Amino acid sequence: MDSSASAVSSETNHTLCATGGASQWEVDDKTRLRRFLCYGCERHVYTAREEENLSLQSAGALTSMLQEGRGSEVVDEIKKLAREGRAVRLGPSLFALALCSQHSELKTRQAAFKALKEVCRDPAQLFAFIQKKKELKEGMRCGLWGRALRKAVSDWYNEQDAMSLAAAVTKCKQREGWSHRDLLRLCHTKPANEAIALICKYATKGWDEVQVAYSNKENSEEVAKVLSYLEVVEKVKHSCDETELINLIEEHKLEREQLLTDHLKSKQVWRALLKEMPLQSVLKFLGKMTASKIFEPGCLETQAVCDRIQCEATLKKAKIHPFSLLISLENYKRGQGYQGKRKWEPDSSIVKAVDSAFYKSFVNSRSLWVNASYWRWT
């Protein structure tokens, strides 16, 4: 979403028409594509549930540009928005990339598969991409797992840093009905090096098989480092000692997804996680941590999280979209979750911090400077 394509209105043809008292600008296909990629709708009004109804019918500009032979241009827009964090959610971009990856034009397909690693930065996004391809393939005679997709998925694993891949695989094991075991087997991945081979074996065979294969083997420094990390992750699964668990979290920067549900009943464990918790997760669990009394008025944790949320450098690095902050703010102010019985008393300092971060996020994303007061919700 940039100065020529905002979530509200974008001027391309400089033609204004009044409709029912509301102003609407005529826009071209590229602008409508940007709107779709940013928030799942080609219209100038954002609806929170648009992404749930993604279809070819809701992506007229996308299909039109593909029919005109502008597939490479579409892929470039997908990469640009993903790189700059300009999409509210990545679902529409993954849908568009999946559609491009099975377009009739070879150049478009090649560009889409080449962009896979840049757009799908974590396993959850990779699984979502595969599922969208599967849904688009339904009713077609051709199969899903062609040579191009197998190579693209294999490259996604092989081109990762070994430690980053080990962390990703242990944090997100399955999503959208797919797992690492499924993908690695279906694409017949040949690991690029021994460290990647170790992670692939862990994902497909499990920890016991890894121990048998590597425990009595002379391993390289990188393999030994990955092996040690995986051992810690497995150790956490069986740990009932809170002090040991907290030490492992702080020493190895473990995240919530790598712990058991029972571990998350401890306030001290949450405090340990909070030190290195990604900003997106902090915003997601503000209500839970307030309800659990981890955030209390005037306490050190509350002040620290407020400072972090408002830090412009942190917001820029995390690529937090203004809509994400606005949604987090409204959810937190409501004082209760949509599901379950959890309730909390919103902390005024946290409310002010998220509100401040909302406006700062426009400054960090220069192309999102559009006045927030124009944004409409339905």
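1. Ser 266 is buried, with a relative accessible area of 11%, where buried means under 20% relative accessible area, exposed over 50% and partly exposed in between, computed with a 1.4 Å probe on protein chains only. The residue sits in the loop between helix H14 (242-252) and helix H15 (267-274), helices being DSSP runs of H or I with at least four residues and strands being E runs of at least two, both numbered from the N terminus. Its side chain makes a polar contact with the side chain of Glu 242 at 2.4 Å; a polar contact is a pair of N or O atoms within 3.5 Å, of which, within protein, one must be able to donate a hydrogen and the other to accept it, while residues adjacent in sequence count only if both atoms are side-chain atoms.

2. This is a predicted model, in which local features need pLDDT of at least 70 and side-chain atom pairs count only at pLDDT 80 or more, whereas totals for chains, interfaces and linings use all residues. Residues are numbered from 1 along each chain as its sequence is written, and side-chain values use heavy atoms, with hydrogens and water left out.

3. For the protein chain as a whole, there are 21 helices and four strands, and 49% of the 378 residues count as buried. The accessible surface comes to about 19500 Å², of which 47% belongs to carbon and sulfur atoms, as computed by the Shrake-Rupley method with a 1.4 Å probe.

4. Ser 328, in helix H20 (residues 322-334), is likewise buried, at a relative accessible area of 13%. A polar atom of its side chain lies 2.9 Å from the backbone oxygen of Ser 324.

5. Helix H1 (residues 29-39) is mostly covered, with nine of its eleven residues buried, and among these are Asp 29, Arg 34 and Arg 35 as well as Leu 33, Phe 36 and Leu 37. The cover over the buried residues of H1 includes helix H2 (60-67), helix H3 (71-84) and helix H4 (91-101). Just after H1, Gly 40 takes a positive phi of about 80 degrees.

6. Helix H7 (residues 123-137) and helix H8 (residues 147-158) have axes that come within 12 Å and cross at roughly 175 degrees; the axes are lines fitted to C-alpha atoms, for helices over the stretch in contact, and the angles run from 0 to 180 degrees between N-to-C directions. H7 and H8 are therefore roughly antiparallel to each other, given that angles over 145 degrees count as roughly antiparallel, under 35 as roughly parallel, 65 to 115 as roughly perpendicular and the rest as oblique. Pro 123, Leu 126, Phe 129, Ile 130 and Lys 133 of H7 make the contact with Leu 149, Val 153, Trp 156 and Tyr 157 of H8, contact meaning heavy atoms within 4.5 Å.

7. Helix H9 (residues 162-171) packs against helix H11 (residues 194-205) at an angle of about 10 degrees, with the axes 9 Å apart, which makes H9 roughly parallel to H11. Residues of H9 including Leu 165 and Val 169 meet residues of H11 including Ile 196, Ile 199 and Tyr 202.

8. Arg 181, in helix H10 (residues 180-186), counts as partly exposed at 41% relative accessibility. Leaving aside neighbours within four places in sequence, Arg 181 is in contact with Ala 203 and Thr 204, and its C-alpha is 8.1 Å from that of Lys 205, 24 residues apart in sequence.
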